[in-house]
Amino acid sequence: MSTSRHLLCRRSALFALFVALASSPLACKKGADTAGPDGAGGSGAPVAGGTELRYKAGAYKLKADVKFSFKATSPQGVNEASGDISGLLDVSDAGDKIKVALAVAEVRDFVLGKDMLPPPKEGETPVDPKAAVQSFTGAFVADMRGELDETATKALPETAAAKEKKGVEAAVAGFATGVLGLPELPKAALVEGKQVETTERKDENLQGLVIPVDTTSKFTLVKIDSSSGKRIAEVKYESESSGAVEQGKQMITLDVAAEGTVLFNLDDQIPVRRTSSSTTNIAAGQMGVEIVNNIDSTFSPA
């Protein structure tokens, strides 16, 4: 079966696509590619050109309460999934970056549509997806904006251990990493009420299919609210992405529209809430699949 048919026809591939899209910058673009100072640290204080958002260095823990929904419409019908989980994010220093260890603390709800996961191979014991989520642990390395450092993450022992997982456990682990991760913060300092538009081109890998994707992002610092005694920045973002690659005699196209909001505590340098929604359309010839993701995460000190 060709890659395109694997992407568009097999129901068991749909959850894997959700995993890829949930953790991809395409699904939650927040102006990370914006021109501006990188900054290894930052305190949320005003800097030249606006206010910079950066995560706190040092050791601390966050609790993440996450609700998600997923709907895939393909020639084979409609598949849906939803979940409501809590996770623990254990943050520690990693040079000029941070390491984030992940663990699921509670699974209140986790429902998958029929045939969304591959059936067990002959002789394998079926794995309950809800149990696999409950036992999940993992880790990643990111810069002080929350952008993934792929090289450093691959070198972690937790990553090596994750490679040993197969089937349902591997798919669920990828999903949990995607939805429990930190919001990625803008690179540039933000000016309240001012919208900034940026563009970038980047190769995206979806289930082994590499597609060059052009993304236009817009983000705005809506306000800084101090009514709680802490300065909470509200950042709104939206993006449109498109790409295409020729495979064999047909063109495979990818189009993504995403939007959402990040609330960030400037004083404590920790996230407060992230909401994101995205609609992805993948087409190959006359076949197509539409995938709609919604994620709502609330963060608090643990």
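A residue is called buried when its relative accessible area is under 20%, exposed when that area is over 50%, and partly exposed in between, with a 1.4 Å probe and protein chains only. The structure is a predicted model, in which local features need pLDDT of at least 70 and side-chain atom pairs count only at pLDDT 80 or more, while totals for chains, interfaces and linings use all residues. Residues are numbered from 1 along each chain as its sequence is written, and side-chain values use heavy atoms, with hydrogens and water left out.

The protein has 302 residues, of which 46% are buried. Contact here means heavy atoms within 4.5 Å. Among contacts with a separation of 6 or more, 68% are between residues 24 or more positions apart.

Confidence is expressed as pLDDT, the predictor's score for each residue from 0 to 100. The average for the protein is 81, and 81% of the residues score at least 70. Over residues 1–16 the pLDDT is below 50, although the model gives this stretch 48 contacts beyond near neighbours in sequence. Residues 23–43 also stay under 50, with 70 contacts beyond four places in sequence.

The interior may be considered next. A nonpolar core is a set of buried Ala, Val, Leu, Ile, Met, Phe, Trp, Tyr and Cys residues joined through side-chain atoms within 4.5 Å. The largest such core has 58 residues, and I85, L89, I98, V100, V133, F175 and L180 touch the most other members. Beyond its neighbours within four places in sequence, I98 has contacts that include Y55, K56, F140 and L182.

Because Y55 lies in the loop between strand 2 (50–51) and strand 3 (60–74), and F264 in strand 10 (residues 250–265), the pair ties together parts 209 residues apart in sequence. Both Y55 and F264 are buried.

Finally, S297 belongs to strand 12 (residues 287–301). S297 is buried, its relative accessible area being 0%.

How values were computed. Helix = DSSP H or I, 4+ residues; strand = E, 2+ residues; numbered from the N terminus.
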